[in-house]
Amino acid sequence: MATSSLHSLNTFALKASAREIVAVRKLEQLHACLPLSQPYLVLGGGSNMLFCGDFDGTVIHNQMRDIEYWQDEQNHYFNVAGGENWHQFVMSCVNKGIGGLENLALIPGSVGAAPVQNIGAYGVELADVCESVKAIDLRTGKEVSFDRQQCQFAYRESIFKTNRDYFIHHVVFKLPKQWQAVLSYGELKAWSRELNSQPSPLAIANEVIKVRNNKLPDPNDIPNVGSFFKNPVVESSHAKQLKLSYPEMPQYEVGHSVKLAAGWLIDQLGLKGHQVGGAAVHERQALVLVNKNKATSRDVMDLAQHIIEQVDLKYGVKLEPEVNIIGHQGYGTLKEFAGE
Ligand code: EPU
């Protein structure tokens, strides 16, 4: 059977193929191929996917484009199709002077993928601006709508991560006209202190772009999927113990637990630049793994496993991938596929 290449559909630029790729520009095209046989996979920008080999099923590629705008006295609303590019949407808002999304500038990927992992950066998460998510349940072909509560957003988590059967066709954003800049995050805080007046959404977006460009590799130049691991959350007793041994360790309280900076942990192990085959730890941000030179998925998995082992050995902390791990039959874990 003929297969379709996923090479240009994953920003890690790993060689992999799918049995079939279906481009969805209109919902009718999706309905025309339902019911789907297993396995299937919904793909947006491919900026958070690690293909650990060929995918033995159908990839549904969301290419729906349209943006609808309305307002009431208090808020701006946007109903945005899932195939729209995230960064372009952010810039279209800040260029009109509409604030709320500026901290999330330059995050790679599509609008439809944004709620899945509840994208976040510099003190703002998608959960803060998302009014609702409209999807098709691929098991039944029925339309389903999720309000913010029903999305079950948490740190890099949502209901769409636990249940992979939804094709997100639109996301509705609610951006208050009484906009409040979020400048609490380290680098933005330092920058805003130097200013004489309140920065505009566009000025903040431009600063975020500058900060990101300084640290994070552009997937078009050096293929990568952003943060490869999640920042681990540990019990406060464990965090206290670690602080005694490593007083410099960044720690952030979240409820009764403590979030650690995975990038710092990896960096302290001297792993920046560490290479396995063609895959390497980025020189400027240890949380990002890059495809430096024709990496295979095996190289990436071996590098990731090495980092997980070293971090566990030194700090007793278990890192978990933030990236989605895809095997022949769909979603899985690094452990599952690393041993294959
Ligand atoms: N750090 C190091 N060395 C490194 C990387 C980080 O010492 O190589 C330290 C930093 O100095 C800082 C702390 O670790 O004290 C946190 O680093 P940073 O501010 O760069 O953020 P992060 O925790 O590494 C998270 C998100 C990013 C997001 C930034 C900014 C996750 C998994 N990652 O990274 O999101 O852009 O905060 O908000 O939560 C992504 O998800 O793909 C992503 C890039």
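## Starting with L101

Contact here means that heavy atoms come within 4.5 Å of each other. Bear in mind, too, that this is a predicted model.

With that in hand, take a look at L101. Setting aside its neighbours within four places in sequence, L101 is in contact with W86, F89, V90, C93, V129, F173 and L175.

## The cores

L101 belongs to the largest nonpolar core, a group of 45 residues. Along with W86, F89, F160 and F173, L101 is one of those that touch the most other members. Several elements give two or more residues to this core: strand 7, helix 2 (86-95), strand 10, helix 3 (159-162), strand 12, helix 4 (186-193) and helix 5 (201-215).

Now for strand 12, which covers residues 166-176. Is it mostly buried or exposed? Nine of its 11 residues are buried, so strand 12 is largely enclosed by the rest of the structure.

Which strands pair with strand 12? One is strand 7 (residues 75-81), which pairs with strand 12 in the antiparallel sense over seven bridges. If you want to spot this pairing on screen, find V80, whose bridge partner in strand 12 is V171. Another is strand 10 (residues 130-137), which runs antiparallel to strand 12 and is joined to it by seven bridges. There, S132 has V172 of strand 12 as its bridge partner.

Methods
Residues numbered from 1 in each chain as written. Predicted model: local features only at pLDDT ≥ 70, side-chain atom pairs only at ≥ 80, totals over all residues. Heavy atoms only, no water. Buried < 20%, exposed > 50% of the residue type's maximum accessible area, 1.4 Å probe, protein only. Helix = DSSP H or I, 4+ residues; strand = E, 2+ residues; numbered from the N terminus. Pairing = 2+ DSSP bridges. Core = buried A, V, L, I, M, F, W, Y, C linked by side-chain atoms within 4.5 Å.
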